[in-house]
Amino acid sequence: MNKPTQIPDTLQERMTLRRALRDFVQAKSLCPPVSLKQLEALAEEFMAQKEMDGGMLPWLMVEINNQLWVDIIATIPHDRRLLMLPKCLSKHGECRGEYDEYGLLCHRCGRCLIPDLQDKAEQLGSLSLVAEGFTQVIELIENHVVDAVIGVSCLDSLEKAFPLLVSHAVPGLAIPLNDDGCINTHVDDSYVAELLSLTNPEQHTLLQYEATRQQIDRWFSREELECVLGHPGNKTSEVCLDWMTRGGRRWRPYLLCAVYQSITGETLLNEDVHRAAVAVECFHKASLIHDDIEDGDMTRYDQPTINALYGDAYAINVGDALLGMGYRLLTLSNNMELVRLIAEAHASLCQGQGQELEWISNPRPIGLDFTLDIIRHKTVPAFEVSLMLGLACTSNHRHLRPMLHDYSEALGIAYQLKDDLEDINQDRSPSAIFALRHEHPDWSDEAVKGELNGMIDQYKQKALDALNDLDSLELKRLLYQVTEKILK
C-alpha cells in the first residue's frame, strides 16, 4: 500500500459502500474467519469492480470482515458481546474521566458520544470498555468473558490490531474512526448503534474448548488412566502408566476431541472419543521413547528418559507396550477406520525416522527438499492423524479429509521449521538449519533465521489457505486458533 490510507468522505458515501460490500460478500457465500491475505484479495477485487483508488484498501478490508461476521454476531446473545471505544472520542482538554487498569472511568458529563454509546450497550445487556489496544479483547475472549467484540478505533490502530483479531478468529465488528489523529475524533455513531442492536431469535453460543482441555488433563491422571488402560500387573505396565502421566501439552488428544466437538456440536465426549484420545497419546509417548533411544537423549520433560532409567532394551519394550495398548483401545470402539488411520500414520512416521537415521549413519550435504520430505513423513502425520481420528469419530464427513490433509501438511512443516529455528546452533540431524547452511555456506545466522521465518510464514499461510472453502464456522474457528497457538 503505497498510497495514503483513505476513508470515504461522507456518511452517505460510507453507508452506500457498506451496503455494496454486503451484497458483494453475500454473493461469495464465504464462512468466517478468513485470513488477511484473503481479505486483501477480496478488497482488491471489489476495488477493481468499482474502479476505486488503492488507498481505500485498509478501510475496505475492515468493512469486508464486518460483513463476514455480522450475521453470526447477530445470533450471539447481547450479554456475550463487548463494545470497545477509544478515549480519543472524548473532548480533549474537557474530559474529567480517570483511567484504571481496565480503561477510562467516564464521568458522563455529556460532552462526547462515549456515555451515549455505553448506555446503549448496557441497555442491551452488553459490556462496554473505553481503552486503547485490542490485547485486552483477546484476554476477555480467551477467558470466556465475552464471545464477540464491536470495536471502534482509528484505521492506524486497526491495521496493527487487525492481524491479532483475525489470527485468533475473534468474531468482531470494527468501525473505523472517520479522521486521523488522537484528539476529538469522530465515528458514525448511528452505524455503531445499529451494529450494537443486531439481533437474531436463533441465539447461538460459540463452542469453548477450555473445558475440553480440563477434561483431557483429568483423563491423563493416574487414576483415570488405570480405568482405561487397566491396573498395572507388572513392571512394564507400571512404567507405561507413569510415562503417560508425564508432561507435554497433549496437543494430539486435544485436536482429536476439539475436531469432534466442532463438527458435532457435542459438549460431552463419548467413550469412543475418550479411548481414541488416550490411544493417540499412547502412540505419541511411544514415539518419544523410541526417539530418545535413537538420539541418545537422557532427559525429557526435565526428567530422566526411560532409556536413561532402565537402558535401551527395556525402553524399547516399554515403547512397544504402549503401541499395543493404543491399538487395543482403538479396537474396542468397533471402528476399524480408527485403526487404519493410526497404522498409516505409524508407518509414515517410521519411514521419516528411517530417512533421518540413514542420514545420521552417513552424513552428507543435503538440500531443503530432503529435509521437507522427512518432515512430511515424520512430523506431519502426528498432526494429521489427530484431526482425522476426530473426524472418524463422527459420521458422514469424509469430504473434509482432503482439506484436513492439506492443512496438516502445511501446519506440520511450519511447526517443524519453527522448532528448528528455536535451536539455531544444532547441526546433528538433517534439519532445515543444516540444509540451509549447506546450500548457502556464506550466509550468517541472521540470514538463515530470516529465510526460515519467511518459510514459516509461507507454510502458515498455506495452512490457512487450505481452509478457504471450509463452510463449518466452528471447525474453521478452531483451526485458525490452533494455527495461532501452535505457531505462536
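This is a predicted model: local features need pLDDT of at least 70, side-chain atom pairs count only at pLDDT 80 or more; totals for chains, interfaces and linings use all residues.

Modeller: Residues are numbered from 1 along each chain as its sequence is written, and side-chain values use heavy atoms, with hydrogens and water left out.

Colleague: How many helices and strands does the protein have, and what makes a run count as one?

Modeller: There are 21 helices and eight strands. Both are DSSP runs numbered from the N terminus: a helix is H or I with at least four residues, a strand is E with at least two. The C-alpha trace spans about 75 × 55 × 45 Å along its principal axes.

Colleague: Why is Glu337 called buried?

Modeller: Buried means under 20% relative accessible area, exposed means over 50%, and partly exposed lies in between, with a 1.4 Å probe and protein chains only. Glu337 has 17% relative accessibility, so it counts as buried. Of the 488 residues of the protein, 53% fall in the buried class.

Colleague: What does Glu337 touch?

Modeller: Glu337 lies in helix α15, residues 336-361. Not counting residues up to four places away in sequence, Glu337 touches Ala392, Arg398 and Arg401, where contact means heavy atoms within 4.5 Å.

Colleague: What makes the pair Glu337 and Arg340 a polar contact?

Modeller: The term needs a pair of N or O atoms within 3.5 Å; within protein, one must be able to donate a hydrogen and the other to accept it, and residues adjacent in sequence count only if both atoms are side-chain atoms. The side chains of Glu337 and Arg340 are joined at 2.6 Å, so the distance is within the 3.5 Å limit.

Colleague: What is the phi of Tyr301 and of Asn334?

Modeller: Most residues other than glycine have a negative phi, and most peptide bonds are trans. Tyr301 has a positive phi of about 55°, and phi of Asn334 is near 55°, also positive. As for peptide bonds, the one from Pro32 to Pro33 is cis, with omega near -5°.

Colleague: How do you know that β1 pairs with β4 and with β5?

Modeller: Two strands pair if DSSP finds at least two bridges between them. Strand β1 (residues 81-85) has four bridges to β4, in the parallel sense, and four bridges join β1 to the parallel strand β5 (residues 148-153). Leu85 stands opposite Val130 in β4, and Leu83 stands opposite Ile150 in β5. The open sheet has four strands in the order β4-β1-β5-β6, with parallel pairing. Its edge strands are β4 (127-130) and β6 (172-176), because each pairs on one side only.

Colleague: Which way do the side chains of β1 point?

Modeller: In a regular strand the side chains alternate between the two faces of the sheet. Arg81, Leu83 and Leu85 point one way from β1, Leu82 and Met84 the other way, and all are buried.

Colleague: How do you know that the length of helix α18 agrees with its residue count?

Modeller: The expected span is 1.5 Å times one less than the number of residues. For the 21 residues of α18 (residues 401-421) that gives 30 Å, and the end C-alpha atoms are 30 Å apart, so the two agree. Of those 21 residues, 15 are buried.

Colleague: What makes a set of residues a nonpolar core, and which members of the largest one touch the most others?

Modeller: A nonpolar core is a set of buried Ala, Val, Leu, Ile, Met, Phe, Trp, Tyr and Cys residues joined through side-chain atoms within 4.5 Å. The largest has 95 residues, and those touching the most other members are Tyr254, Val278, Leu322, Leu417, Leu475 and Val482. Helix α12 (residues 271-295) gives the largest share of this core, 12 residues. A second, separate core has 32 residues, including Ile76 and Cys154.

Colleague: Why is Pro171 called buried, and where does it lie?

Modeller: Pro171 has 1% relative accessibility, so it counts as buried. Pro171 lies in the loop between α6 (155-167) and β6.
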